[in-house]
Amino acid sequence: MLNLDIFLSGLANGLMIGAVYALVALGLTLVYGVLHIINFAHGATLTAAMFAVLIAYNVFGIDPYLAIPLLMPLFFALGYAAQRFVINPASRGNDSNSLLVTLGLSIIVENALLAAFRSDTRSIDVPYAFSTIEIGNLFLSLPRMIAFAGAFAVSLALWLVLARTDTGKAIRAVAKEKLGARLVGIDVAHVYAVTFGLGCACLAVAACLLMPTFYVNPRVGNAFVLVAFTIVVLGGMGSIPGALAGALFVGAVESLSGLYLGDSLGQLGIFLIFILALLLRPTGLFGAKA
């Protein structure tokens, strides 16, 4: 039977995990919107960020949430360097080459993590992992509520950077017309690297928000990227509002599917959405025709 309280709890928890999915999808859609490539190293980078959170907690005793201001700039710098000094020179201006380079980076990172940490599945034990907050008749997970608030804060900050800063204006100009941006003096290579760095910084925050209630192994990021691809297609390739709206919708569908169909079929609804989006609206909810 459909119990309203159970339905609302499932919906609320789905929206909260959807906010974290948004951070993963934002980096993917931002890179595509500006560089016009699909970053195949996205999942491996998320995995590396999750292992960084694990090390910060187990070795240095840093809480995952407190690790955000440390890992954000670190992964921004790593993303900037990877784009500026590896992907850009190796691609030689060819998008197909860029895809192959990011695929190669993904393989390198995954195998490096496998060599360093083996194939074991690991997690961290924080005292608030199973804490809940009661709101009316709803019992909501405290870590997921923190993740929801953190994801929205980062999404708002990213929007402000893109909308209100000179760097954001340069990013939007390059995304719209690369040649015109270069003609007015914008350093396109620098903008590409900054965009890639922002995508990696979003992944670092997502990792910090995920680790209190999730596990990590050298291939765990791939599962999140599959969901992120669905979100990007649903919201529209290159659309930041679309990524946020699509992530919340996908999170709710996944939660409710798992609630009523069972955990093993929880992601069935996600892939049904993916197929329907491709059939009915290939450009996505907020996308435009090329």
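Q: Where is Ser-155 placed in this predicted model?
A: Ser-155 of the predicted model is in helix α5, which spans residues 142-164.

Q: Why is Ser-155 called buried?
A: The relative accessibility of Ser-155 is 10%. Buried means under 20% relative accessible area, so Ser-155 counts as buried at its 10%.

Q: Which residues is Ser-155 in contact with, leaving aside its neighbours within four places in sequence?
A: Ser-155 is in contact with Leu-23, Leu-26 and Leu-244, once those sequence neighbours are left aside.

Q: Is Cys-202 buried or exposed, and what makes it so?
A: Cys-202 has a relative accessible area of 4%. Not counting residues up to four places away in sequence, Cys-202 touches Leu-23 and Leu-158.

Q: Why are α1 and α8 called roughly antiparallel?
A: Helices α1 and α8 pack at an angle of about 170 degrees, and their axes are 9 Å apart. Angles over 145 degrees count as roughly antiparallel; α1 and α8 are therefore roughly antiparallel to each other. On the side of α1, the contact is made by residues including Leu-23, Gly-27 and Leu-35. On the side of α8, Thr-195, Gly-199 and Cys-202 are among them. By class, the residues of the contact of α1 with α8 divide into 18 nonpolar, 3 polar and no charged.

Q: Why are α2 and α4 called roughly parallel?
A: Helix α2, residues 42-60, and helix α4, residues 95-117, pack at an angle of about 30 degrees, with a separation of 9 Å between their axes. Angles under 35 degrees count as roughly parallel, and α2 and α4 are therefore described as roughly parallel to each other. The contact is made by Ala-44, Thr-47, Ala-48, Phe-51 and Ile-55 of α2, together with Ser-106, Val-109, Glu-110, Leu-113 and Phe-117 of α4. This contact of α2 with α4 has 7 nonpolar, 2 polar and 1 charged residues.

Q: Which hand does the crossing of α2 and α4 have?
A: Helix α2 passes α4 in a left-handed crossing.

Q: At what angle do the axes of α9 and α11 cross, and which residues meet there?
A: The axes of α9 and α11 cross at roughly 35 degrees and come within 9 Å. Their crossing is left-handed. Val-227, Phe-229, Thr-230, Val-233 and Leu-234 in α9 meet Ile-270, Ile-273, Phe-274, Ala-277 and Leu-278 in α11. The residues of this contact of α9 with α11 divide into 9 nonpolar, 1 polar and no charged.

Q: Why is His-36 called partly exposed?
A: The relative accessible area of His-36 is 40%. Buried means under 20% and exposed means over 50%, with partly exposed in between; His-36 is therefore partly exposed at 40%.

Q: Where is Arg-118 found, and what is its phi?
A: Arg-118 is found in the loop between α4 and β1. Arg-118 has a positive phi of about 60 degrees and is not a glycine.

Q: Why is Arg-118 called exposed?
A: Arg-118 has a relative accessible area of 54%. Exposed means over 50%, so Arg-118 is exposed.

Q: What makes Thr-213 partly exposed?
A: Thr-213 has a relative accessibility of 42%. Thr-213 is placed in the loop between α8 and α9. Not counting residues up to four places away in sequence, Thr-213 touches Ala-129 and Pro-143.

Q: How do you know that Ser-255 is in contact with Gly-10 and Gly-14?
A: Contact means heavy atoms within 4.5 Å. Ser-255 is in contact with Gly-10 and Gly-14, leaving aside its neighbours within four places in sequence. Ser-255 and Gly-10 are 245 residues apart in sequence and 5.8 Å apart in space, C-alpha to C-alpha. Ser-255 lies in helix α10.

Methods
Residues are numbered from 1 along each chain as its sequence is written. This is a predicted model: local features need pLDDT of at least 70, side-chain atom pairs count only at pLDDT 80 or more; totals for chains, interfaces and linings use all residues. Side-chain values use heavy atoms; hydrogens and water are left out. Axes are lines fitted to C-alpha atoms, for helices over the stretch in contact, and angles run from 0 to 180 degrees between N-to-C directions. Helices (H or I, at least four residues) and strands (E, at least two) are DSSP runs, numbered from the N terminus. Angles under 35 degrees count as roughly parallel, over 145 as roughly antiparallel, 65 to 115 as roughly perpendicular and the rest as oblique. A crossing is left-handed if the near helix is turned anticlockwise from the far one by less than a right angle, and right-handed if clockwise. Ala, Val, Leu, Ile, Met, Phe, Trp, Tyr, Cys and Pro count as nonpolar, Asp, Glu, Lys and Arg as charged, and the others, Gly among them, as polar. Buried means under 20% relative accessible area, exposed over 50%, partly exposed in between (1.4 Å probe, protein chains only).
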